[in-house]
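Colleague: Please take a close look at one part of this model for me, the contact between the two chains. A plain account will do.

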Amino acid sequence: MVWTALLLSRVQFAFTVSFHIIFPSFTIGLAAWLTVLEACHLVTRKPVYRRLFEFWLKIFGVTFGLGVVSGIVLAFEFGMNWSRLSEATGPIQGPLLTYESFTAFALEASFFGVLIFGRNRVAPVLYLFSTMMVALGTTFSAFWIMVNNSWMQSPVGYAVENGIFIPTDWKAIIFSPVVWVRFPHMLIAAYLTGAFCVAATGAWYRLRGTYAVEGRVMLRMGLFLAALLIPVQLFLGHLNGDYVHDKQPVKFAAIEGRWHDEQPAGEVVIAIPDEARETNDLELKIPYLGSLIASMRLDSKEVGLAGFPKEDRPPVAIPFFAFRVMVGCGLLMMALAWVGSFYLLFGRKPGQQLLLWATFLSFPLPFIATLTGWFTAEVGRQPWSVYGIVRTADAVTPTLTTQAVTVSLIIFAVVYLVIFSFGTLYVYRLLKAGPVEAESVLPVNPKRPLAVSGGGPIAETTQGGGWL
Amino acid sequence: MILFWAALLAVTMSLYVLLDGFDLGVGILFAFADQANRRKMMSAISPVWDGNETWLVITGTVLFGAFPAAYAALLSAFYLPLVLMLCALILRGVAFEFRYKSPGLRWFWDLGFAGGSFVATFVQGMTVGALVEGLPMKDGHYIGGTLGWFSPFAALCGLGLVLGYSLLGASWLVRKCEGPIRKRAYRLLPVLTVGVLVFLGCAFVAALAMHLELMNRWLERPYLLVFPVIGAVSAYGLLKNAEQQNDLAPFRYSALIFMAAFGTLACSFWPFMIPFALTVEQAASPPESLAFMFWGAGLFVMPLTLIYTTAVYRLFRGKVAEMHYE
């Protein structure tokens, strides 16, 4: 493999964008949750909501900051590393990003200041409004990014004149059906990320026998929300598969690990794709299922990678495995959320310790699913930057030297590693410390950490006890 | 439409320079403060720095959307300096949270905060300097290589902006702080004002000497001199008010100095976006893109953004000492 400026630029963009997405996928969900907590507190006046709000706001503060600073880098990298792409598609991608910065960044950044510093300076309703604006800002941000990326996946509403993309139909670009399956998919991924992080924290406190009331609320809200959202997410995932099947058949074939046309097509559950020999090793395949998933019929013909010229195929292994990891994480999360919700609802006791441990350790799952989902989408789009029109090789800045990108990649790697390590450490410390001021008011029996503590207002209203 | 977006870009850019300028400036001055005062200095900017920095992103994306050719050429030309600037902004951005989370490593995040503020400012100034001097360009594309932007003049402009942002920072501090910080900032103000003035004068003369076209333009249109004159008058006003310790005035006057310098720069090079290589018109997006941005972002969202930015500033007005930030 030759380390060209192109390859290094790809590595750098993959690295910086992957690093970035970890934070928004967490903060989008968290911002929405903070809004719910603040609203619950305003309505019910229960202090537990307020304590949880203040607690998660601290964590939001650290992660939001990391998301902001790592996001600024991306707004610049388009021009720095991909100047030919940004010059050609700037008339379309530029305005979309302009809308993002105006509607999202400005909104969330300004009201974030109110959230952190303004509690005593504004009326409660205005404070709730500010929380909502931050949540809205993060959602807008995700929306415009998904419009932009969906256009790169499935370009519509444009004409090319002298190598420059001219937008001809903004409605088609913004209301592209691809946007409207991918944006909800990302949004729910973010909600699930928030839900699992919250539930995992709750489980952690239950295991440690601290913050019983808060832990209970976190577990309930997190797992119930996840249990409701995961089926929706799987369905949206299926719709995403449909658009890939229709618009990006070669990506679809790579994800499926299908080398040759098949009728009816089988579904490769797991295998080791071999690109050189154009075949799979150690393949486990279910007949007919491939046709059923792809076309909702038992006898459809599904295309294989061999039908496309080699220079138009994506690398197979990454989308193939990334997709399976994503689905695997999704199924694990569904099992956990459903079993957990069942325990919560019916107060089942046997095995609850195990379940608490599983919930506690589950927090990486949504992050892994989000990242591998993006790997599938982005690596699967290769060799194109704008699918079918602009090759990634033609998008890179022509004057960029290998040395320059090597230097920048090293700098970014070092800086990101430092801030990520410390950011994680500080979040861990905050989570470990818990909603501190609450400690003294809650009687917790250390010998029966899972028993209901009678201190909090929630405990009085829930029945059954048991797991919670 | 092109004019509208050029004007809007000028507005977002000046807002960025003024707003992030003062918090970067406070970051630079932070290096010279002792521990007791650092916390207060940080509190003077922590509710607003994030919003301020957003104007950089807005400027970047407006450039991308409205003038993609300039966006592509500039960002790829200044590749390494921008990497440095972005990392500097990252380190100083996380310092706001991180320095309170680890007393043992506070020195490290403080270094990142002050150093990051300095480097980001220096790079911004140097970029403007390199543009004034003229980038090696051909057919609207940069051809100068990895380090083609560097020159002594550009480096001098980098230092000049460090002075300039420090001036904004000191003016902000007298407005927001009391006690020893305010006192020290007042002592710094005259020095910084004179320093900035001398730098601007030198840079102006050097630019005229470098480009005959510029010299002609200023000779043909002497009324443009109104900008430098505004700058000089504001500097006088600043010195006067600093003497009388009128807390609110210095920031207004230093902002005026910046606007005057910005106006001088814009008038000198209009209609060029990248001096003598790419005009505003050549760099602009097609009308379909500009109109799409105009009807939503330009007409509606931008004014709204300005309104709530002002509202947030009003919310946090007054002296830091009287408020409870932590």
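Modeller: Two residues count as in contact if their C-beta atoms, placed from the backbone, lie within 7 Å. The model is predicted: local features need pLDDT of at least 70, side-chain atom pairs count only at pLDDT 80 or more, and totals for chains, interfaces and linings use all residues. Residues are numbered from 1 along each chain as its sequence is written, while chains are lettered from A and ligands numbered from 1 in the order in which they are written.

Chain A brings 56 residues to the contact and chain B brings 54. On the side of chain A that touches chain B, two or more residues come from each of helix 2 (47–81), helix 3 (83–117), strand 2 (164–167) and helix 14 (402–433); helices (H or I, at least four residues) and strands (E, at least two) are DSSP runs, numbered from the N terminus. Helix 3 of chain A gives the largest share of that side, 22 residues. By type, the side of chain A that touches chain B divides into 34 nonpolar, 19 polar and three charged residues. Here Ala, Val, Leu, Ile, Met, Phe, Trp, Tyr, Cys and Pro count as nonpolar, Asp, Glu, Lys and Arg as charged, and the others, Gly among them, as polar.

Leaving aside residues up to four places away in sequence, Ile72(A) touches Leu56(B), Val57(B), Leu86(B) and Leu89(B). Both Ile72(A) and Leu86(B) are also listed among the residues with the most contacts inside the largest nonpolar core, which has 256 residues. Such a core is a set of buried Ala, Val, Leu, Ile, Met, Phe, Trp, Tyr and Cys residues joined through C-beta atoms within 7 Å, buried meaning that 20 or more other C-beta atoms lie within 10 Å of a residue's own. Helix 6 (residues 177–208) of chain A supplies the largest share of this core, 20 residues.

Key: Buried ≥ 20, exposed ≤ 12 C-beta atoms within 10 Å, placed from the backbone.
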